[in-house]
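Biologist: I would like to learn how to read a structure, one feature at a time. Where do we begin?

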Amino acid sequence: MSPAGRHQRRRNNVDQWAGTMLMDLQRNSRNGPDIVSQSLASNRLGVSSVVFFGVAGAAPLTVIIGAISTIYAVVGNTAVPLVYLVVAGILSIFTVGFVAMSRHIVNSGAFYAYISHGLGRELGVAAAFVALAAYSLMQIGLFGLFGVVASGILEAVGLTASWLACALVAWALIAVLGMLWVDLSGKVLGILLIAEIAVVLIYDLVMAGNPAEGSVSFASLAPQQLLTPEVVAMMVLAIGGFTGFEATVVLSEEAKDPKRTIARATHLCVILAGILCALSAWAMSVAAGPTQIVAAARTEQTDLVFTLVAPHVPDTLITIGYLLFMTSIFAALLAFHAAVSRYQFALGRERVLPSRWGTAHPRTGAPVVGSITQSILALGVLLTYGLLGIDPLVHLFAWLTVVGGLGVLILMWSASAAVIAFFVQHSRGENVWRGRVAPIIAFFLLSIILLATVIGFGDLLQVGSDSVFHWVFTVGYLICALIGFCWALIVKRTRPDVYAGIGRGADGRNVVDYAELARPHSHAHAQTNAQHTHEHRDHLPSIK
């Protein structure tokens, strides 16, 4: 027998052993007490609420004011509207397989659960450790931007407050909301997001209605611009503006009809973010003039949008725009806090982290320990930055969110591979496009973007060519993944019951199709497995 055959047979036996162990655990616990604190609040979020979380994480107004003007200024290319549409298309292709998997695996661990099922438990735990670092960095970094923006707004009305004081106020609000009902957070995000999108559309209409060259120009939408060498660099910068949409899957256990709600919400998040960013980037080029937009962006920087609309709207609308810029950041803070606390909950419930992390508040259903942990970690970072006098805009916001975005990109790339592997092993009724073609295309395209990001990471951080920061954060993620991988191996040897439940969610479901498993290599072992399979067949949970 070939080594490959023996390896596959051993893997099948491990999967069958894990599934049988899960069924034993379920049967033994079926007569036990119902532990409410180990379940998140179910049936709370509809499509609109999940969309609010996803789009809030992407923070469209923050992207439009900050990222788009930065891309115009730094890259010096006018193809920004097209690039956002292309990136939205790539992420839409990724989303096809991503949400197809969400119909079969309902788990607040999202990437962790998907990679566990597709690529194996060890790589799943490795992904979980990367996810914890990435989402935590994204969330904490945003406090720096919030503090600076809020301090500037207060200064404009004659009040003086440091960026740290403003950031701590936001921190306290996030800490409280993170402990309350998830649908309450969804309502808060909904109100903020609707107001944010309304102002964005008003600004776009004003800019498009007042063209610098006397007539509306579509030069920035010319397809031939995509053939320029700067496009890949622009895509690397643009993809960060979508980070957060994938967190919709983290809310799957709390959604109404999650197998439909999450799929629809995730697709809507990508489409909405892509259209808003592309439309705003185009309107900015119209208002400044296609030949002058780069120079204007370099001069005005993050004030570009306000400078372009100020001559044509009342001052009140500019003030509202600045306020909504601040609330846009707050909404993103709340969305990422929800994501990272639910990752911790999923790992605690499956005892990859200590079991107390897998407890939820009995009344609100919020992941209590995960939420408190993230709040304490954020507080420690904020106080450290404040006491040491480190620049909150560059070294807190820009650096931490860029580093966090790299981690999310790594997770999306890995998830694409996991989707391919999952549907190769178990078709689960998905068609060829959703189960094979779209995930393969997404994996190929994301591989290009990830490689370009890693190669040019120092440029994203704007550090010198000899700086260790060109590679240290990438190595940091590799170390996180290695620690997670090794921890899974330790769990496998020391706590096989915990290993069996990795990535299996609230009900410990195992998606292995027993009919597809290879026969055991031993006749005696075959009889034993057949006996166990017959014994537990009636207890296998359905995922369809």
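Modeller: We begin with accessibility. A residue is buried under 20% relative accessible area and exposed over 50%, and partly exposed in between. Valine 475 has 33% relative accessibility, so it counts as partly exposed. Keep in mind that this is a predicted model.

Biologist: Where is valine 475 found?

Modeller: Valine 475 is in helix α18. It is also part of a nonpolar patch on the surface, formed with Val468, Trp471, Ile479 and Ile483. Together these residues have about 450 Å² of accessible area.

Biologist: Now salt bridges. How many does a search of the whole structure find?

Modeller: The search finds 2 salt bridges. For each one, look at the partners and the distance from N to O. In one of them, the side chains of arginine 351 and aspartate 497 meet at 3.0 Å, N to O.

Biologist: Which parts does the pair of arginine 351 and aspartate 497 tie together?

Modeller: Arginine 351 lies in the loop between α13 (315-349) and α14 (368-388), and aspartate 497 lies in helix α19 (residues 496-500), so the pair ties together parts that are 146 residues apart in sequence. Arginine 351 is partly exposed, with a relative accessible area of 35%. Aspartate 497 is partly exposed too, at 27%.

Biologist: With which residue does arginine 434 form a salt bridge?

Modeller: Its partner is glutamate 430. The closest N and O atoms are 2.5 Å apart. Here the labels of the two residues need care. Arginine 434 is partly exposed, with a relative accessible area of 27%. Glutamate 430 has a relative accessible area of 13%, so it is buried.

Biologist: What describes a pair of aromatic rings?

Modeller: Two values do: the distance of the centres and the angle of the planes. A search of the whole structure finds 16 aromatic pairs. Take phenylalanine 306 and tyrosine 322. Their ring centres are 3.9 Å apart and their planes are at 20°, so the pair is stacked. The cut-off behind that word is planes under 30 degrees apart.

Biologist: Where do phenylalanine 306 and tyrosine 322 lie?

Modeller: Phenylalanine 306 lies in helix α12 (residues 304-309) and tyrosine 322 in helix α13, so the pair ties together parts that are 16 residues apart in sequence. Phenylalanine 306 is buried, with a relative accessible area of 4%. Tyrosine 322 is partly exposed, at 29% relative accessibility.

Biologist: Is the aromatic pair of phenylalanine 457 and phenylalanine 473 stacked or edge-to-face?

Modeller: This pair is edge-to-face. The centres are 6.3 Å apart, with 70° between the planes. Phenylalanine 457 lies in helix α17 (residues 457-461) and phenylalanine 473 in helix α18 (residues 472-494), so the pair ties together parts that are 16 residues apart in sequence. Phenylalanine 457 is buried, with a relative accessible area of 1%. Phenylalanine 473 counts as partly exposed, at 23% relative accessibility.

Biologist: Which residues do ring pairs link into a cluster?

Modeller: They are Phe94, Phe98, Phe111 and Tyr114. The charged end of arginine 121 sits over the ring of tyrosine 499, 5.3 Å from its centre.

Biologist: Is glutamate 196 buried or exposed?

Modeller: At 1% relative accessibility, glutamate 196 counts as buried. It is found in helix α8 (residues 182-209). For such a residue, look for a polar partner. The side chain of glutamate 196 makes a polar contact with the side chain of serine 328, at 3.0 Å.

Biologist: Let us turn to the backbone. What is the phi of arginine 351?

Modeller: Arginine 351 has a positive phi of about 65°, although it is not a glycine. Glutamine 462 is another case. Its phi is positive, about 60°, and it is not a glycine.

Biologist: Where is the place of glutamine 462?

Modeller: Glutamine 462 is in the loop between α17 and α18. Its relative accessible area is 63%, so it is exposed. Now compare chain and space. Valine 394 and glutamine 462 are 68 residues apart along the chain, and their C-alpha atoms are separated by 9.7 Å. Valine 394 is found in helix α15 (residues 392-425). It is partly exposed, with a relative accessible area of 36%.

Definitions and conventions. Residues are numbered from 1 along each chain as its sequence is written. This is a predicted model: local features need pLDDT of at least 70, side-chain atom pairs count only at pLDDT 80 or more; totals for chains, interfaces and linings use all residues. Side-chain values use heavy atoms; hydrogens and water are left out. A salt bridge is a side-chain nitrogen of Lys or Arg within 4 Å of a carboxyl oxygen of Asp or Glu. Helices (H or I, at least four residues) and strands (E, at least two) are DSSP runs, numbered from the N terminus. Buried means under 20% relative accessible area, exposed over 50%, partly exposed in between (1.4 Å probe, protein chains only). Rings of Phe, Tyr and Trp (its six-membered ring) pair if their centres lie within 6.5 Å; planes under 30 degrees apart count as stacked, over 60 as edge-to-face and the rest as tilted. A charge sits over a ring if NZ of Lys or CZ of Arg is within 6 Å of the ring centre and within 35 degrees of the ring normal. Patches are made of residues with over 30% relative accessible area and no salt bridge: like charges are joined within 9 Å, nonpolar side chains (Val, Leu, Ile, Met, Phe, Trp, Tyr) within 5 Å. Accessible areas come from the Shrake-Rupley method with a 1.4 Å probe; for residues, only the protein chains shown count as cover. A polar contact is a pair of N or O atoms within 3.5 Å; within protein, one must be able to donate a hydrogen and the other to accept it, and residues adjacent in sequence count only if both atoms are side-chain atoms.
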